[in-house]
Amino acid sequence: MTEPGNKVTTRTTTARDALPTELVQQLQWLGRQPRPAAPPGAVGVLCDRVLAYAGPQHVASVLPVLRGTGSGLVVAGPRPGKPMPRAADFDYDGPIVLDPDAYGYHRATRDQPFLLPRGGFAGTNPTLDDVLDAQLRAGYAVACTPTGYIGAGDTAALLAAAQQVKALNRTDTLFVVALEVSLLDRTFFDQTRAILQDAGHPVALVLGIKQGDPLTHSKRIIPNLRLLAATVPLMPIRTDFNALDLMAHGAFAAAIGTGGSVRHAVPPPRKPMAFVRDASPSVLVPELMCWWKGSKIAMLCGAAPSRSPRCSCNVCQNQPLTRFKYKEDQPEAIAHAATAWQNIAAGMLSQATMRERAEYWRNICKGAVNEHQMLANRVRQVDPLPVQKPLEQWAELPAWRTA
Ligand SMILES: [Zn+2]
């Protein structure tokens, strides 16, 4: 028994962050389930899959390595007004989804939460339903809403989008929500979660930020995302290993970006790609669970490739990761990354319960944090290799929230 005095202390120190009892019970229940509930209808086909999210120029590199029942492709849509590719144009038998990527061109408002084609005569402009039907007719596994970018604090635009989606009452549609990450921070999180829950459709979530990594916006983002994944049918897309963190905490599927620009969103209008002096590809270093420029790996390992991290995936077959130096190495770097993340995901998803998934995931992250020190020792670097903040948080937070 706790003494009354202690009780008061406990309440005042934790009340701000403590979850209501019914949420705690929901988390306990979810922790015992073998997998998240599959959304009803066509979207269910995506359940427990880690898809690759690629712009059109990366599709050919990633398709050959997507395998089995655990994978799939999300392709970013063409610019507004350009013709939509058909699913049959891609040489792939798994599920293919087209993200219209409307949030790259249009900021959602209360009056126009979606980017719909215009130019027909009055009364003949396609409706939201028409746009979704067109994606299904083009052969895609499910349809994705052309939702605009939800800017900072703009819960009114989010609500307008959610209400229109709710009214559709479809089971073949993902509600694409690209939102400024501050909407998941302390001030707006409860409201954002309530709106998404009430939309009654699975949410394909994209994190947006003007600059930098959305997960480092504040320490609350990762715990809040986990709570969202446990309480809303969620599929984080256009992201990095946030995909696996959320699938360990309730997300029914996810899609990892093949390149830096498709691992989060920026508010529109999107700036043209700046000229980059360092043309080496972005390379997944599986033992560190992070992406590094090929030039950085090469520089760190110096003249001794024997010290380089190696990868045992089917693409690399134990070759050193220092080999990704030039722009022309990018296709192989993409194939390597997708192969490696599918291996990691397969291990995690084979766990018996959600809670065990979360524990497995936390162990991977802890191992990757430690590996930073081991690699520094191996390349005889005195200064520690900095660990990315989200990885540090994934490794440190309790595997499964209980209060
Ligand atoms: Zn590899």
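**Entry 1: a strand pair.** In which sense do strand E1 (residues 50–54) and E8 pair, and over how many bridges? I looked it up, keeping in mind that this is a predicted model. E1 and E8 run in the parallel sense, joined over four bridges. I then picked out Val50, whose bridge partner in E8 is Ala254.

**Entry 2: a hairpin.** I moved on to strand E9 (residues 282–285) and strand E10 (residues 290–293), which pair in the antiparallel sense over four bridges. Together E9 and E10 make a hairpin, with four residues between them. In the turn I checked Met289 and found a positive phi of about 55°. Across the pair, Lys293 in E10 stands opposite Ser282.

I was curious which residues of E9 point one way and which the other. Ser282 and Leu284 go one way, Val283 and Val285 go the other way, and all are buried. A reminder to myself: side chains in a regular strand alternate between the two faces of the sheet.

**Entry 3: two helices.** At what angle do the axes of helix H10 (residues 330–349) and helix H11 (residues 354–378) cross? I have roughly 140°, with the axes coming within 8 Å. That angle is why H10 counts as oblique to H11. On the H10 side, I listed Ile344, Gly347 and Met348 as making the contact. From H11 come Arg357, Tyr360, Trp361 and Ile364. Sorting the residues of this contact, I got five nonpolar, one polar and one charged.

**Entry 4: the whole protein.** Stepping back, I noted twelve helices and ten strands in the protein. The C-alpha trace spans about 70 × 65 × 35 Å along its principal axes. How does the radius of gyration sit with that of a compact globule? For 403 residues such a globule would be near 22 Å, and the protein has 22 Å, so the two agree.

Of the 403 residues, 45% count as buried. Taking contacts between residues at least 6 apart in sequence, I found that 69% join residues at least 24 apart.

Key: Residues are numbered from 1 along each chain as its sequence is written. This is a predicted model: local features need pLDDT of at least 70, side-chain atom pairs count only at pLDDT 80 or more; totals for chains, interfaces and linings use all residues. A residue is buried if 20 or more other C-beta atoms lie within 10 Å of its own, exposed if 12 or fewer, and partly exposed in between; C-beta atoms are placed from the backbone. Two strands pair if DSSP finds at least two bridges between them. Axes are lines fitted to C-alpha atoms, for helices over the stretch in contact, and angles run from 0 to 180 degrees between N-to-C directions. Angles under 35 degrees count as roughly parallel, over 145 as roughly antiparallel, 65 to 115 as roughly perpendicular and the rest as oblique. Two residues are in contact if their C-beta atoms, placed from the backbone, lie within 7 Å. Ala, Val, Leu, Ile, Met, Phe, Trp, Tyr, Cys and Pro count as nonpolar, Asp, Glu, Lys and Arg as charged, and the others, Gly among them, as polar. The radius of gyration is taken over C-alpha atoms; the globule rule is 2.2 Å times the number of residues to the power 0.38.
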